[in-house]
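This briefing sets out the fold of one chain and the interface between two chains. Please consult the sequence and the structure as you read.

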Amino acid sequence: MAQGVMVVCEQRDGEIRKISYEVLSEGKRLADKLGAEMTVVLLGSGIADKAAALGGYGASKVFVADDPNLAVYTAEAYAKAIDGIVKQADPAILLMGASVEGKDLSARLAGKLSTGLAMDCTAVRIDDGRLVATRPIYAGKAFAEVVISSFPQMATTRPNVMTVTPPDTSKSAEVVKVDANLSADDLRTKVLEVRKEAAGKIDLTEADVIVSGGRGMKGPENYKILEELATVLKGTVGASRSAVDAGWRSHSDQVGQTGKVVTPNLYIACGISGAIQHLAGMSGSKVIVAINKDADAPIFQKADYGVVADLFDVVPAMTEEAKKIM
Amino acid sequence: MEIIACIKQVPDTESQIKIAPDGKSIVQNDIKWVMNPYDEFGVEEALKLKAKNGGTVTVVSVGPKRVTESIRTALAMGADKGILVEDAATDDGDSFTIAKTLAAVVKNIPYDVIFCGQRAVDDDEAQVGAMLAEMLNIPHVSLVVKEEVDLAAKKVTAEKPIEGATLVTESSLPVLLTTQKGLNEPRYASLPGIMKAKKKPLETKKVADLGLNAEDVGLAGSKLKIMALTPPPQRSAGKIVEGETPQEKAAALVKLLREEAKII
């Protein structure tokens, strides 16, 4: 009989990523509700020493597969290793973060386990002993409440949404070393190179503050003023589809239904009119600021704070004001 | 070289989404149906591979009759043939049943590379590609922005962005790649292309033709079930920041963000 909650942790260069603490905190809440244990899976190479401390987040047991072939994530090898652990531990619920890695891994693994997967959830709860997940669809134009009829019930949670519970550092988890059992067939994809971006660049999906620019920016050279504001606010710069299609910003900066769906604490839309597909991608932000010359721009209907003025005057002035207090 | 592009038909991204009276589906009147934008990148990349290496591009989809329009669009772009699984038994299926249906189609035709959009912009599941690869027991790389196939060596190198970095991967063929913006600029169908597309083969199949049972696909076979759809939490227009000059407005805004919203 499947029981308990299992969380798959994500590590990069041997460090556990923030999204995993979000998932651990949510996983513990679900496990408590079920009156069951939370176990954890940690995969990598030379990562075993990180395992016991996860007890601080409420894990009773951490399954560690330590294998040089798991040092850098690949879908097949990771799915194979977790498949073995899931079959051994038989959890009722299997959670991971909806990061680039988590989305990819969970889908492959759900195929392997022949089970249902609720992707990129903004809320999960227990109802009558079963997992009920809430997930935005149409990039947030509607929300679906979903259930899974098979075990384990799999879900991934959207970055920046779940609250991290401060760890109880006096607790430690039992560490269970497992063999990844990888064969040549699981290693048909290998990572040749990890090309890191400039240090300090925060991904849009994980940013607390996003300063985003649209057609009103008039050209790529003007994004400098957004970069300056983002730097002061410890955020990152995004762009609308029209700015990306014009070639002003890279595709990875695009916010919207055909770009990234973002959930920062603060989203500052500069010179963005507010097309439906853009609003869909950023309406999950906690606070939205719109700066636009056109008082009738649809973006103002979604903004908590609207500034009707020329962004080329307002943004540099904001940077100066923010410098005084940050 | 044998290339498959899997596509889905979805509501255009400018569509307003309204929830139907059953509370579990959306109102389909007035929706403009288009090929999923992420799948267009797959069709385009398939055509580029064919131009380089020769071979056949087959477009595969699952859905109602209206999907033939999107397949014809892909044929007009230059794909060679289409296969549509058009069977009411597949209706309202989750990603698992769609991947299973696609796998049943694809396993009967030769392939070196399969393309799927990284996600569909309707249900945003982002699962079918990886699940299909798993069911076919082939490697996959998702979110690809660059790929290069070496047919002689039977391998593909691909680039995929992750948070804060780009991975360069190498996989053996056959492989499944999921596609996203940045990979290419999908071509528009030319008028001669549209004319030619009308004569290209477009086969429709029923689930029974694929050796599947009706209860294994569609809503009956789904493991993920929608209990309810709700509109997103409403955001209403907040306050317009006052000030005589842009500088005053900027100062007032920063103060509000600090003291009222407590966000910076």
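In chain A, seven strands form an open sheet of 7 strands in the order E7-E11-E6-E1-E4-E5-E12, with parallel pairing. Strands and helices here are DSSP runs numbered from the N terminus (strands E, at least two residues; helices H or I, at least four), and two strands pair if DSSP finds at least two bridges between them. This is a predicted model, in which local features need pLDDT of at least 70 and side-chain atom pairs count only at pLDDT 80 or more, whereas totals for chains, interfaces and linings use all residues. Residues are numbered from 1 along each chain as its sequence is written, chains are lettered from A and ligands numbered from 1 in the order in which they are written, and side-chain values use heavy atoms, leaving out hydrogens and water.

**The sheet of chain A**

- Strands E7 (117-121) and E12 (174-178) of chain A stand at the edges, each with a single partner strand, so one side of each is left without a neighbour in the sheet.
- From one strand to the next, the twist averages 20°; axes are lines fitted to C-alpha atoms, for helices over the stretch in contact, and angles run from 0 to 180 degrees between N-to-C directions.
- Strands E4 (residues 38-44) and E5 (residues 59-66) of chain A pair in the parallel sense over 7 bridges, and Val40(A) has Val62(A) in E5(A) as its bridge partner.

**Helices on the sheet**

- Helix H2 (residues 75-89) of chain A packs on the sheet and touches strands E1 (5-8), E4, E5, E6 (93-97) and E12 of chain A, where contact means heavy atoms within 4.5 Å.
- The direction of H2 of chain A makes about 155° with that of E4(A).
- Helix H3 (residues 100-113) of chain A also packs on the sheet, touching E1, E6, E7 and E11 (153-157) of chain A, and its direction makes about 155° with that of E6(A).

**The interface of chains A and B**

- Chain A contributes 88 residues to the contact and chain B contributes 79 residues.
- About 7,300 Å² is buried between chain A and chain B, with carbon and sulfur atoms giving 56%; buried area is the accessible area (1.4 Å probe) that two parts lose on being put together, summed over both.
- Between chain A and chain B there are 10 salt bridges, each a side-chain nitrogen of Lys or Arg within 4 Å of a carboxyl oxygen of Asp or Glu.
- One salt bridge joins the side chains of Asp245(A) and Lys181(B) (2.9 Å, N to O).
- Strand E13 (residues 189-196) of chain A pairs with strand E10 (residues 165-172) of chain B in the antiparallel sense over 7 bridges, and Glu193(A) stands opposite Val168(B) in E10(B).
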